[in-house]
There are 2 protein chains.
Amino acid sequence: MPKKPDTVGITVKKDEDFSEWYNEVIIKGELAEHSPIKGFMIIRPEGYGLWENIQSFFDKRIKKLGVKNAYFPLLIPESFFKKEAEHAEGFAPELAWVGDKEEGEKLAIRPTSETIMYDSYSKWIRSWRDLPLRINQWCNVLRWEVKQTKLFLRTREFLWQEGHCVYETEEECEKETKLYLKEYKKVCEELLAIPVLEGEKTDKERFAGAKTTYALEALMPDGKALQMGTSHNLGQNFAKAFGIKYLGKDEKERIPWQNSWGFSTRLIGALVMAHSDDKGLVLPPRVAPIQIVIIPIFKSENKEEVVKKAEELKSKLKNYNIGLDDRDGYTPGWKFNEWELKGIPLRIEIGPKDIEKNQVVLVRRDNNSKEAVKIGQLDKKIKDTLEDIQSSLFNKAKKFLNSNIVDAKNWDDFAKQIKNKKLVKTFFCGGVDCEGLIKDKTNGATSRVIPFEQPKESGKCAHCGKESKFLVIFGKAY
Amino acid sequence: MPKKPDTVGITVKKDEDFSEWYNEVIIKGELAEHSPIKGFMIIRPEGYGLWENIQSFFDKRIKKLGVKNAYFPLLIPESFFKKEAEHAEGFAPELAWVGDKEEGEKLAIRPTSETIMYDSYSKWIRSWRDLPLRINQWCNVLRWEVKQTKLFLRTREFLWQEGHCVYETEEECEKETKLYLKEYKKVCEELLAIPVLEGEKTDKERFAGAKTTYALEALMPDGKALQMGTSHNLGQNFAKAFGIKYLGKDEKERIPWQNSWGFSTRLIGALVMAHSDDKGLVLPPRVAPIQIVIIPIFKSENKEEVVKKAEELKSKLKNYNIGLDDRDGYTPGWKFNEWELKGIPLRIEIGPKDIEKNQVVLVRRDNNSKEAVKIGQLDKKIKDTLEDIQSSLFNKAKKFLNSNIVDAKNWDDFAKQIKNKKLVKTFFCGGVDCEGLIKDKTNGATSRVIPFEQPKESGKCAHCGKESKFLVIFGKAY
């Protein structure tokens with residue numbers, strides 16, 4: 001017997017138990033589930049389809065910027081990690097070692113690929129003619145130190161892309177480090193409809209081994225920030241550690257400049273949190289693997305006619321990724337619930353009465369609005385509606401973000417606003433120790449970004465009262 | 001200073017030292033190289049571009065057949081391997097275990113994903129409504145027992161796709177097991193221009209845990225067969241081992257039927273061997289990441305005019321993946337060599353004299369033929385030439401394959417032909433022990449396929465003289 005709606009629907013409300021709601025939306029929406037092995041997840045087809053759309057959007061764009069994909073080994077020798085001291089220290093607790101088989105030194109499953117890639121770069125790069133070198137890798141990585149698993153957000157293994165570029169000059173390197181951050185912003189805002197804050201990381205939050213880390217942060221509905229992507233200007237740190245040199249146009253041996261940049265399947269977690277509701281997933285049309293589902297409404301005596309009309313409709317709307325649910329044994333109401341749970345942006349209902357009137361009924365997933373549309377106007381109406389869903393989701397999230405960034409001039413204010421689950425914009429001394437104390441005292445607030453736009457004048461650090469280095473946005477984060 | 005042609009070109013002849021020639025073509029063509037870790041390879045952008053084209057061709061086709069992509073964990077618990085006895089035994093020597101971190105049982109890096117996927121399938125599949133279930137995964141796998149590394153062909157880690165489907169009936173399962181083999185044949189023959197033999201594997205060569213293994217075999221120019229892809233009918237072996245059951249339309253609990261099918265980056269190795277020559281790579285146009293390279297021939301005084309014309313040409317030919325090499329400091333001859341080394345199917349030369357005559361010169365990579373073509377006829381000429389290159393490469397390889405399959409009626413003949421590096425078609429008893437003896441006596445010949453087309457009458461096994469079970473093609477293999 002078909003499952004009943006009340007057994008498949010979401011049983012927890014988003015504003016009552018956010019964490020449990022998130023789990024249910026993902027598991028019942030069949031995006032992913034926990035693996036029997038602690039800390040690992042299985043990405044199911046509906047979840048992987050989202051990842052494929054994110055990949056496709058981004059991959060095309062970076063290829064136009066001259067980036068090429070490659071693939072480096074999964075296992076990295078211990079000696080490679082040790083070459084860049086900060087990097088080695090940063091990743092030491094994360095590494096899983098392959099045990100009983102190796103003949104030489106210990107091998108770690110990659111937590112990120114700087115070291116193994118730059119060993120090759122040191123052999124590949126000879127002269128300025130070989131630069132810029134822009135390589136990206138789509139792969140799985142493993143970071144063992146995950147305390148509490150959260151699907152898409154905190155798992156030991158995740159999928160990601162990591163870009164690794166080498167440049168002749170510091171200026172070019174810095175310029176492109178920021179360029180990839182802009183590309184990430186496009187993924188977040190244009191594809192996923194998630195507004196982001198952009199800026200630099202403080203010394204404490206910087207990537208292990210980088211000179212500067214740029215990051216995008218989004219605000220989730222539970223008041224926690226989520227890092228959406230990072231782009232690191234590595235300076236010459238790794239080039240020096242791995243002996244990457246090039247012969248300049250001036251025939252002198254020079255050390256190049258490098259960046260690395262990555263985002264991961266955690267973007268899918270952000271996507272779920274940002275838009276979904278008590279009925280389940282809500283997917284922005286541009287990233288939805290299925291954008292429209294047609295549900296023919298029939299009884300056994302008119303099934304043939306209605307389904308035929310629905311199929312005609314489907315073949316007419318071939319510019320969209322479209323599904324048709326003509327299964328027997330499920331009521332239309334059951335089907336509505338199922339496709340709402342799965343977040344399909346637009347539903348088309350068509351029954352015998354609609355056929356008589358030469359119309360269909362369009363139902364939006366995001367706001368549940370329902371409208372009868374004449375077949376002749378359907379094409380334009382669908383186009384406009386999908387665009388409107390995309391921008392409505394973005395605008396709603398943008399409004400939420402803007403209304404949750406507050407200023408704090410002193411410590412009491414800071415602590416209170418962090419408690420209120422706000423992102424707090426404040427002057428900060430930049431000290432690693434000071435930031436550590438802030439984290440301890442607030443039960444976990446960390447600096448998220450130093451916004452690119454800074455006031456002309458400095459102020460006093462909200463925590464220690466010293467002269468500030470910059471204005472920083474603090475918050476609790478995933 | 002630019003490198004000279006004689007230092008970058010291939011220094012070994014294909015028919016003198018095939019193995020060394022293969023290595024040079026791959027390394028100098030920048031497709032891949034050895035990693036500092038034994039048994040691993042680095043797939044460079046030019047090699048990865050081939051993989052991306054193979055992926056794209058195949059992925060689109062299987063999606064049309066209803067297959068969806070997903071992602072399962074890299075690490076598999078020891079207990080999962082033990083559930084299907086033959087599978088466990090077959091893969092035991094291949095496994096790399098993750099050592100010092102795990103809290104529970106030992107975890108192996110996946111050599112293939114049957115076990116971890118079917119554990120999930122046992123939870124996902126409830127009724128006939130959930131079937132057929134068709135899931136594919138693009139991922140890396142690790143098989144430790146590699147004696148001698150050979151780029152793309154024998155490495156501990158490789159990239160592949162693995163499809164895993166579940167069906168209600170044995171018939172449907174068998175039908176689709178063969179359908180995916182047909183899809184592999186299309187990849188080999190239509191995309192890579194490599195003709196293949198198709199058939200079933202003998203008991204000895206069957207996949208560990210399968211009921212039947214179907215395979216495609218290609219013949220490499222050195223007389224060795226190369227397995228291009230396999231599709232396994234798993235019967236109910238894994239379903240029973242993993243407790244996969246479904247409620248049939250008749251409301252009875254039933255055990256479903258399964259298949260799994262895979263091909264890997266070794267296809268790139270086959271591609272290199274099949275078509276390339278003493279000047280380097282030769283790529284069939286359909287799989288070539290760059291199909292055409294334009295080389296403007298200029299001196300400093302006319303560079304601007306010639307390059308401008310070349311750029312115009314490039315933007316006109318936007319239906320092709322096209323490169324333009326307008327670098328200074330390299331002679332045209334040097335550039336010709338470089339792009340020939342990299343296997344670009346078609347070269348367009350354009351110089352001041354060509355501009356005067358409103359023509360360009362087309363040079364084919366496969367046969368080196370050179371032809372002046374008027375600009376007005378270029379579009380059609382390029383289309384025809386690329387198609388002709390594709391089919392010429394296939395036909396040449398097909399002729400080679402056909403002329404190297406010989407019959408053997410008795411053991412002397414068999415042994416002699418194997419020594420002559422032929423694929424030997426012979427009656428065979430099917431015995432695992434008999435096949436083991438054949439392998440020992442011939443220094444490595446194994447059964448490659450039992451062709452689908454079999455004679456009506458049986459004969460005597462060429463080795464043991466017993467009544468034959470089928471006609472089999474034997475050969476030495478990679």
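This is a predicted model: local features need pLDDT of at least 70, side-chain atom pairs count only at pLDDT 80 or more; totals for chains, interfaces and linings use all residues.
For α3 (residues 45-64) and α7 (residues 170-191) of chain B, the angle is about 140° and the axes are 11 Å apart. Helices α3(B) and α7(B) are therefore oblique to each other, and their crossing is right-handed.

Helix α3(B) also packs against α9 (residues 266-275) of chain B, at an angle of about 110° and with the axes 10 Å apart. The helices α3(B) and α9(B) are therefore roughly perpendicular to each other. On the α3(B) side the contact is made by B:Gly47, B:Leu50, B:Trp51 and B:Ile54, which meet B:Leu267, B:Ile268 and B:Leu271 of α9(B). Six nonpolar residues and one polar residue make up this contact, and no charged residue takes part.

The relation between the two chains was examined next. Two copies of a chain are related by a rotation about an axis and a shift along it. Here, chain B is superposed on chain A by a rotation of 180° with 0.0 Å of shift along the axis, giving an RMSD of 0.0 Å. The two copies are thus related as by a two-fold rotation axis. In the interface, 36 residues of chain B are in contact with 36 residues of chain A. Several elements of chain B each supply at least two residues to the side that touches chain A, among them helices α3 and α6 (114-124) and strands β7 (133-142) and β8 (157-167). This side of chain B has 22 nonpolar, five polar and nine charged residues. Of the interface residues of chain B, 100% are also interface residues in chain A, so the copies meet through the same surface.

Strands of a sheet pair through backbone hydrogen bonds, either parallel or antiparallel. In chain A, eleven strands form an open sheet of mixed pairing, in the order β3-β7-β8-β14-β11-β10-β9-β22-β23-β21-β20. Its edge strands are β3 (68-69) and β20 (405-407) of chain A, each of which pairs on one side only. Towards the β20 end of this order, β21 (residues 423-428) and β23 (residues 470-475) of chain A pair in the antiparallel sense over five bridges. A:Val424 stands opposite A:Phe474 in β23(A), and A:Phe428 has A:Phe470 of β23(A) as its bridge partner. Helix α14 (residues 411-419) of chain A packs on the sheet, where it touches β20, β21 and β23 of chain A, and its direction makes about 155° with that of β21(A). Strand β22 (residues 446-451) of chain A is joined to β23(A) by three bridges, the two strands running antiparallel. In this region A:Thr446 stands opposite A:Gly475 of β23(A).

A sheet of five strands is found in chain B, open and of mixed pairing, in the order β16-β15-β17-β18-β19. Strands β16 (322-324) and β19 (370-374) of chain B form the edges, each pairing on one side only. From one strand to the next, the twist averages 25°. Strand β15 (residues 292-296) of chain B pairs with β16(B) in the parallel sense over three bridges, and the bridge partner of B:Ile294 in β16(B) is B:Leu324. Helix α10 (residues 303-316) of chain B packs on this sheet, touching β15, β16 and β17 (346-350) of chain B, with its direction at about 160° to that of β15(B). Helix α11 (residues 332-341) of chain B lies across β15 and β17 of chain B and runs at about 170° to β15(B).

Most residues other than glycine have a negative phi, and most peptide bonds are trans. The peptide bond joining A:Leu131 and A:Pro132 is cis, with omega about -10°, and A:Pro132 is found in the loop between α6 and β7 of chain A. In chain B, the bond from B:Leu131 to B:Pro132 is likewise cis, with omega near -10°, and B:Pro132 lies in the loop between α6 and β7 of chain B. B:Lys421, a residue other than glycine, has a positive phi near 65°. B:Lys421 is located in the loop between α14 (411-419) and β21 (423-428) of chain B.

How values were computed
Residues are numbered from 1 along each chain as its sequence is written. Chains are lettered from A and ligands numbered from 1 in the order in which they are written. Axes are lines fitted to C-alpha atoms, for helices over the stretch in contact, and angles run from 0 to 180 degrees between N-to-C directions. Helices (H or I, at least four residues) and strands (E, at least two) are DSSP runs, numbered from the N terminus. Angles under 35 degrees count as roughly parallel, over 145 as roughly antiparallel, 65 to 115 as roughly perpendicular and the rest as oblique. A crossing is left-handed if the near helix is turned anticlockwise from the far one by less than a right angle, and right-handed if clockwise. Copies are superposed by least squares on the C-alpha atoms of residues with pLDDT of at least 70 in both. Two residues are in contact if their C-beta atoms, placed from the backbone, lie within 7 Å. Ala, Val, Leu, Ile, Met, Phe, Trp, Tyr, Cys and Pro count as nonpolar, Asp, Glu, Lys and Arg as charged, and the others, Gly among them, as polar. Two strands pair if DSSP finds at least two bridges between them.
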